[in-house]
Amino acid sequence: MDAVKWTANSISAADGADARIMSRVNVAAARCFHQSFPQYAETPLAALNALAGFYGVKNIFVKDESFRFGLNAFKVLGGSYAMARCLADFTGRPAESLTYDVITSPEFRKESGELTFFSATDGNHGRGVAWSARMLKQKAVILMPKGTQRSRFENIRKEGAEVTIEDLNYDGCVRKAAKKAKETPNGVLIQDTAWDGYEEIPSRIMQGYGTMAAEADEQFLEAAGAFPTHVFIQAGVGSLAAAVAGYFADKYGAAAPRVTVVEADQADCIYRSALANDGSIRTVGGAMHTMMAGLACGEPSTTAWRILKAYASAFASVPDAAAAVGMRVLGAPLPGDPRVISGESGAAPAGLLHLMMTEKYLEPLRRALDINKYSRILLFSTEGATDPENYRRVVWEGTDGYGD
Ligand SMILES: Cc1ncc(COP(=O)(O)O)c(C=O)c1O
């Protein structure tokens, strides 16, 4: 297995202004919107007590997003909330008045007309946008990168969206979707990454992810009697990781858990940005061949990077084999622990944790994060088996990537 690379965050913390995007008020607004859906239910927080004992830490909890709205991934939380906020802006209605029942009513549809929501996706975000468009009676056009797995394409097509696989990588698809949205009357880009001049919608998306962070925070407090000391969170463009880090930073201030950002080593743009240590973004280009499809993004979100460089403690870059270990550890638990079905991108943090606790060469990371018998660890399994064939290849047949 290729080695895990990591770096502690040595960029000095900012003044904290950016965490305000994830303030409790902003997250509560997103959560109220999600709670208005008939499909809404909190996803479970799995307690892995036996695994915690095995590693010699106090707690390990895994937020299992495979149960989110029946869509097998957390992503719908972001797209749906950003779309609702667009509809509020478009109709001039106050955002808090737009519940699921209001948006889906024939009167509202008459008022709003049809918007076309464009998005680029490796799978989960586009599925969430397509599902939300169907639920909210709007149109979705989704672009997917070269090499997309058929099952992920079909899941989006089934939601009634117009969907294509492009001869481009993820970042190229983002640019094409942005162009198409601009050229289409009532076209809106719902993209889960920010760049200079495109920051409002990605911020709404992050606030939507706040629903998951707030649920996990409350569930953790109730189950462990204290909040987490450590969070391991995966990143593609970094919106998710920044949403989680920002939520905890805003809520707990200096006492916030130490956040470690976990990326695929083929797409480790945030790790490279941290390593460069000058506060600026670094990018990764090309095909980014990794089975962690959700993490195969080579250009960090500008908004996310501002939060992560201020609030993350460490950045790790992990090979496919680490995600495969995470899938197996969660899928074949120790006696007494519940099973968590976690896909390639979902299991990357569990894989890093396992290697960090069992491999000698990662002892310095353990020390840097001050992991000890009192540590209370929170992981997010952000997807279930979204590529079921590859899930079986990894978990049953022991492969470490796509078709190895
Ligand atoms: C399952 C899963 N986990 C994590 C991520 C990473 O989210 P972000 O791109 O906001 O960093 C994605 C992105 O698509 C994903 O699909």
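The legends below describe close-up views of a predicted model.

View 1. The domain assignment divides the chain into domain 1, made of residues 5-74 together with 201-395, and domain 2, made of residues 76-191. The C-alpha centres of domain 1 and domain 2 are separated by 25 Å, and the contact between the two draws 34 residues from domain 1 and 30 residues from domain 2. On the side of domain 1 that touches domain 2, the elements giving two or more residues are helix H1 (24-35) and helix H9 (200-224), with the largest share, ten residues, coming from H9.

**View 2. The largest nonpolar core and the surroundings of Ile233.** The largest nonpolar core of the predicted model holds 133 residues, and those with the most contacts inside it are Ile233, Val244, Ala245, Val261, Leu308 and Leu352. Helix H10 (residues 239-252) supplies nine residues, the largest share of this core. Because domain 1 (5-74 + 201-395) and domain 2 (76-191) both give residues to this core, the core lies between them. When residues up to four places away in sequence are left out of the count, Ile233 touches Leu240, Ala241, Val244, Val259, Val261, Val262, Pro349 and Phe380.

**View 3. The packing of helices H10 and H12.** The axes of H10 and H12 cross at roughly 50° and come within 9 Å, an angle that makes H10 oblique to H12. The crossing of these two helices, H10 and H12, is left-handed. On the H10 side the residues that take part are Ser239, Ala241, Ala242, Ala245, Gly246 and Ala249, and these meet Thr303, Ala304, Ile307, Leu308 and Tyr311 in H12.

**View 4. The packing of helices H3 and H6.** Helix H3 (residues 76-91) packs with helix H6 (residues 124-135) at an angle of about 45°, and their axes are 8 Å apart; H3 is therefore oblique to H6. The crossing in which H3 passes H6 is right-handed. From H3, the residues Val76, Gly78, Gly79, Ser80 and Met83 meet His125, Gly128, Val129, Trp131 and Ser132 in H6.

**View 5. Ile60 and its contacts.** Ile60 is part of strand S3 (residues 59-64) and counts as buried, because 27 C-beta neighbours lie inside 10 Å. With neighbours within four places in sequence set aside, Ile60 is in contact with Leu48, Leu51, Ala52, Ile377 and Leu379. The view also includes Leu330, which is 270 residues apart from Ile60 in sequence and 12 Å apart from Ile60 in space, taken from C-alpha to C-alpha.

View 6. Lys137 counts as partly exposed, because 14 C-beta neighbours lie inside 10 Å. Asn277, also not a glycine, has a positive phi of about 65° and is found in the loop between helix H11 (269-276) and helix H12 (302-311). With 12 C-beta neighbours inside 10 Å, Asn277 counts as exposed, because the exposed class takes in residues with 12 or fewer such neighbours.

Terms used
Residues are numbered from 1 along each chain as its sequence is written. This is a predicted model: local features need pLDDT of at least 70, side-chain atom pairs count only at pLDDT 80 or more; totals for chains, interfaces and linings use all residues. A nonpolar core is a set of buried Ala, Val, Leu, Ile, Met, Phe, Trp, Tyr and Cys residues joined through C-beta atoms within 7 Å. A residue is buried if 20 or more other C-beta atoms lie within 10 Å of its own, exposed if 12 or fewer, and partly exposed in between; C-beta atoms are placed from the backbone. Helices (H or I, at least four residues) and strands (E, at least two) are DSSP runs, numbered from the N terminus. Domain bounds come from an automatic or database domain assignment. Two residues are in contact if their C-beta atoms, placed from the backbone, lie within 7 Å. Axes are lines fitted to C-alpha atoms, for helices over the stretch in contact, and angles run from 0 to 180 degrees between N-to-C directions. Angles under 35 degrees count as roughly parallel, over 145 as roughly antiparallel, 65 to 115 as roughly perpendicular and the rest as oblique. A crossing is left-handed if the near helix is turned anticlockwise from the far one by less than a right angle, and right-handed if clockwise.
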